[in-house]
Amino acid sequence: MRAESLVLAGLRERLDPLLARIFPPRILLVLDDDAFTLLGLPGQAFQAGSNRLRRVPLPRGACVDGLPLQKAALGDLIGDLSLELGLQGAQVVASLPRSAAGIRVVQWPFDAWPEEPEQALRQIDPDLTLGYPLNQAYLSLTPLIGLDPQLPLASLLVTAPRSLVLAWIEVFSIAELHLERLEPAQVADLRAIEPLIADAPADQLIALLEWRSGGADLTLIRYGIPEFSRHLPATQTDLIAGLHQCIHYWRQRDPAVSQVRLLLVSSGSGLDDLADSLAAAGDWEVEIVDPIELDWLPWDPGADDPLSPTDLDGSSLLRLSGLNRAEPGQASPAAGELPR
């Protein structure tokens with residue numbers, strides 16, 4: 001037995017470096033102005049390891065409106081965290097802060113699809129109220145085929161300032177990690193809830209409400225397309241008033257809507273009371289979306305794991321779920337990613 005153990009130990013010593021290159025660890029990372037939320041996925045086939053979930057608060061001013069201002073400090077922080085978790089050399093898939101990217105529906109003024117859609121859009125240069133010119137942005141266009149009958153020739157545009165994307169690439173270079181993909185928060189959110197809205201009736205408006213202590217992000221979705229978004233106050237009275245105003249506005253614009261389904265995204269305790277208050281305040285169906293309860297994340301907390309679901313906001317968990325659904329072997333491919 002002693003000789004067999006030595007042989008196995010020798011094999012592992014030789015194979016582990018090779019396996020680390022073939023099956024590198026992976027990091028799913030949610031970037032926000034105030035914190036990083038990380039899910040580490042060990043990749044070595046012969047190395048015992050478990051997924052690790054961490055949330056690290058950021059110093060005020062390190063990241064503002066999605067732009068990393070303290071690139072060296074942020075890179076060192078991400079790099080140190082990867083070393084602490086045994087994820088050095090990992091491949092990283094990250095979602096940008098919500099304010100970093102814009103999503104628009106583009107209706108083409110042509111009789112047929114343009115052969116080079118990105119080039120065509122840059123030439124048309126429509127006023128998309130993005131806050132930056134298209135010639136200074138990365139673009140990703142996804143055809144919207146057969147979704148909205150009123151938009152027979154339309155694409156979903158995802159865009160972010162080139163300077164902002166390059167700044168994040170520099171952060172991960174400082175962290176000495178391989179950045180595989182950056183994608184907007186909104187894209188990850190939509191991919192996460194895809195199983196819930198795939199069979200939505202044609203007359204249904206989906207209201208995705210991501211609630212946390214600092215406020216709530218509302219996205220109205222029709223035919224699987226994010227059509228409208230607003231940031232609403234966190235207090236119940238103001239939240240309900242803002243929700244009524246936004247849905248009333250959309251119903252006036254889209255008379256075909258006859259039912260509203262409200263997806264309340266959060267995690268931890270206290271949700272039932274908020275859901276009950278929202279359900280009593282309008283003629284909509286309210287459904288709590290808790291990514292941990294729905295088992296959307298490959299996370300099995302161990303005894304030494306410092307986090308519990310109540311430590312994380314639902315938005316970060318939803319975003320991680322969207323990133324995870326695009327992982328190899330999962331149900332949904334990556335879409336709306338930005339060039340590196």
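## Helices H2 and H4

How are H2 and H4 oriented to each other: roughly parallel, roughly perpendicular or oblique? This is a predicted model. In it, helix H2 covers residues 71-84 and helix H4 covers residues 162-174. The two pack at an angle of about 50°. Angles of 65 to 115 degrees would count as roughly perpendicular, and angles under 35 degrees as roughly parallel. H2 and H4 are therefore oblique to each other.

Their axes lie 7 Å apart. H2 passes H4 in a right-handed crossing. On the H2 side, the contacts come from Lys71, Ala72, Leu74, Gly75, Asp76 and Ile78. They meet Ala167, Trp168, Glu170, Val171, Phe172 and Ile174 in H4.

## Helices H6 and H7

The crossing of H6 and H7 is right-handed.

Four residues can be listed for H6: Gln236, Leu239, Ile240 and Leu243. Their partners in H7 are Leu274, Ser277 and Leu278.

## The five-stranded sheet

Five strands form an open sheet. Their order is E3-E2-E1-E6-E10, and the pairing is mixed. Strand E3 (52-57) and strand E10 (178-183) stand at the edges. Each has a single partner strand, so one side of each lacks a neighbour in the sheet. Neighbouring strands are turned by 20° against each other on average, direction ignored.

Strand E1 (residues 26-31) and strand E6 (residues 91-95) run parallel. Five bridges join them. Arg26 stands opposite Gln91 in E6. Helix H8 (residues 314-325) packs on this sheet. H8 touches E1, strand E2 (35-41), E3, E6 and E10. The direction of H8 makes about 140° with that of E1.

## Arg261

Now to a single residue. Arg261 sits in strand E14, which spans residues 259-265. Is Arg261 buried or exposed? Its relative accessibility is 11%. Buried means under 20%, so Arg261 counts as buried.

Which side chain makes a polar contact with the side chain of Arg261? The partner is Glu287, at 2.9 Å.

How values were computed
Residues are numbered from 1 along each chain as its sequence is written. This is a predicted model: local features need pLDDT of at least 70, side-chain atom pairs count only at pLDDT 80 or more; totals for chains, interfaces and linings use all residues. Side-chain values use heavy atoms; hydrogens and water are left out. Two strands pair if DSSP finds at least two bridges between them. Axes are lines fitted to C-alpha atoms, for helices over the stretch in contact, and angles run from 0 to 180 degrees between N-to-C directions. Contact means heavy atoms within 4.5 Å. Buried means under 20% relative accessible area, exposed over 50%, partly exposed in between (1.4 Å probe, protein chains only). A polar contact is a pair of N or O atoms within 3.5 Å; within protein, one must be able to donate a hydrogen and the other to accept it, and residues adjacent in sequence count only if both atoms are side-chain atoms. A crossing is left-handed if the near helix is turned anticlockwise from the far one by less than a right angle, and right-handed if clockwise. Angles under 35 degrees count as roughly parallel, over 145 as roughly antiparallel, 65 to 115 as roughly perpendicular and the rest as oblique.
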